Amino acid sequence: MAGPDTLPERPASAGAAPAPVRRRLGRRQRQRLARLAGYLVFLLLLAGVAAAADWGRLADAFFRLDVARSMFPEAVTVALRNTICYTLLAFAFGLVLGLVLALMRLSSVPPYRWFATAYVELFRGLPALLVLFMVGYGVPLAFPDREIPGGVYGSVTVGLGLTAAAYMAETLRAGIQAVPKGQLEAARSLGMSHPRAMVSIVLPQAFRIVIPPLTNEIILLTKDTSLAYVLGVTASTIELTKYAGDALNTRVNPTPLVVAGLLYLVVTLPLSQLVRWLERRAARER
Amino acid sequence: MNRVPAIEIRGLRKSFGRLEVLRGIDLSVETGEVVCVIGPSGSGKSTLLRCVNLLEQPSGGTVHVSGVEVTDPDCDIDAVRRRIGMVFQQFNLFGHLTVRENLTIAQRRVLRRSRAEAARIATANLDRVGLADKADAYPAQLSGGQQQRVAIARALAMDPALMLFDEPTSALDPELVGEVLAVMRSLAADGMTMLVVTHEMSFAREVASRVVFMDGGTVVESGPPAELFGAPSQARTREFLHRVLEPTRVSEAEIGAHHSTGA
């Protein structure tokens with residue numbers, strides 16, 4: 001590694017302050033040594049773990065191919081499909097409600113602002129699970145003659161969407177406020193009404209600004225759909241986590257959890273790559 | 001011919017909180033006139049301009065545009081603004097739209113012109129400012145001077161009866177100022193009614209039919225450029241012009257600095 005042309009020792013006159021430790025090694029050589037030691041420690045730890053692990057047992061527990069194979073195709077055609085459905089439905093619901101709340105929060109009518117602020121503070125402060133219980137059981141108990149349309153799909157959409165809306169309202173409000181005031185002034189001075197200027201000029205630019213945080217919100221929602229099991233999902237409405245949990249019980253083997261985990265990553269990893277790409281692109285444009 | 005002034009401002013006042021920015025302005029602009037407003041920063045020039053199309057709500061006084069009182073609370077301000085082109089210091093082009101879409105969106109959404117007609121008028125106006133080849137570019141791909149020319153074309157596409165310019169060259173690199181002034185000069189030559197807030201004294205001197213000097217929220221002096229620049233009657237005007245036109249001749253005594261003589 002250290003070539004023949006290693007850095008010559010620093011001349012003593014270069015350092016103004018007297019060095020307290022050995023002056024034999026140059027600064028670069030010391031850095032190189034420290035890095036080497038770092039690699040060494042890491043490799044030793046890795047070797048230690050590898051030697052201590054019972055590989056046969058691990059493979060038997062977490063990577064049983066027959067168990068994994070028995071999960072397909074339902075794991076994808078039913079469980080993953082439902083997970084994605086719940087995510088998209090809750091996201092769409094949350095986005096529409098979030099946009100309404102964001103516009104209310106920026107309204108010139110004070111009661112709208114109060115309501116939106118109260119809503120955001122309330123639903124940001126509550127656990128998603130509690131809201132889901134409320135939508136799934138609390139509301140049906142209180143109003144037995146009414147029901148949320150769409151069965152479990154409807155309940156998950158509303159239950160997760162209500163919480164997501166609170167977060168997205170804040171994101172969208174920040175996005176709208178990030179559009180320079182001059183854009184609205186230019187639109188108004190061309191004779192556009194305020195609503196028209198918002199729809200044609202401000203909101204398109206606001207959405208562009210908030211695409212990365214909104215994509216993050218989809219990732220969070222994807223994972224939150226695992227809470228849907230509390231609504232008592234059936235074979236056709238089951239999502240990934242519940243599906244894996246059931247398989248864990250019937251096969252008495254944790255491999256299904258690994259499979260489910262990998263399937264979540266199939267969805268979330270490309271999304272987080274997308275966020276990174278969008279953020280890089282946004283940084284270039286600014 | 002229309003005898004009503006294009007803009008008539010009477011006793012205009014504007015306060016931001018306790019700060020009084022305009023203290024009773026009287027000013028009228030006749031159709032076909034080019035009026036340049038000059039004055040130090042904070043003198044209220046831009047606020048005056050923004051009160052004409054009600055981007056700022058005046059605190060008192062009246063503003064009439066082509067005989068319509070815009071300060072009347074029941075005035076349809078969107079309809080009045082359609083007839084007033086406005087050009088901003090910061091261009092304010094719509095960043096998510098191409099140059100052509102910047103010119104067509106208000107034509108389509110406000111004037112309800114057909115897509116083909118809006119596109120035709122957009123092309124004609126881009127040609128007028130020398131940017132017909134940039135129709136498909138996005139604003140961020142253009143230089144500041146080009147962006148400001150697009151902003152002028154965008155305002156012109158609405159067939160305005162008059163144009164307001166709010167320091168249109170102040171945000172530009174010095175080498176890009178000329179192209180924007182050239183467009184404005186040709187507009188003036190075509191008989192456009194223009195109210196221009198500017199720091200470009202040579203433009204005011206050559207193009208303006210009248211120059212208005214503002215300071216401290218009032219009109220100090222106004223008149224034809226030859227008169228105002230050649231023989232200003234007010235001491236405040238003389239001092240301002242001296243400092244703007246001959247910045248290297250401002251003496252230390254004038255600004256209250258004392259030359260250190262080593263004592």
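This is a predicted model: local features need pLDDT of at least 70, side-chain atom pairs count only at pLDDT 80 or more; totals for chains, interfaces and linings use all residues.
Residues are numbered from 1 along each chain as its sequence is written, chains are lettered from A and ligands numbered from 1 in the order in which they are written, and side-chain values use heavy atoms, with hydrogens and water left out.

**Chain B, positive phi**

I looked up B:Glu167 and found it in the loop between strand E7 (162-166) and helix H6 (174-189) of chain B, where its phi is near 45°, a positive value in a residue other than glycine. With a relative accessible area of 11%, B:Glu167 is buried, a word that stands for under 20% relative accessible area (1.4 Å probe, protein chains only).

I then turned to B:Asn92, which is not a glycine either but has a positive phi of about 55°, and which sits in the loop between strand E6 (84-87) and helix H3 (99-109) of chain B. B:Asn92 is buried, and its relative accessible area is 11%.

**Chain A, a cis bond**

I checked the peptide bond that joins A:Phe72 and A:Pro73 and noted that it is cis, with omega about 5°. A:Pro73 belongs to the loop between helix H3 (65-71) and helix H4 (74-105) of chain A.

Key: Helices (H or I, at least four residues) and strands (E, at least two) are DSSP runs, numbered from the N terminus. Buried means under 20% relative accessible area, exposed over 50%, partly exposed in between (1.4 Å probe, protein chains only).
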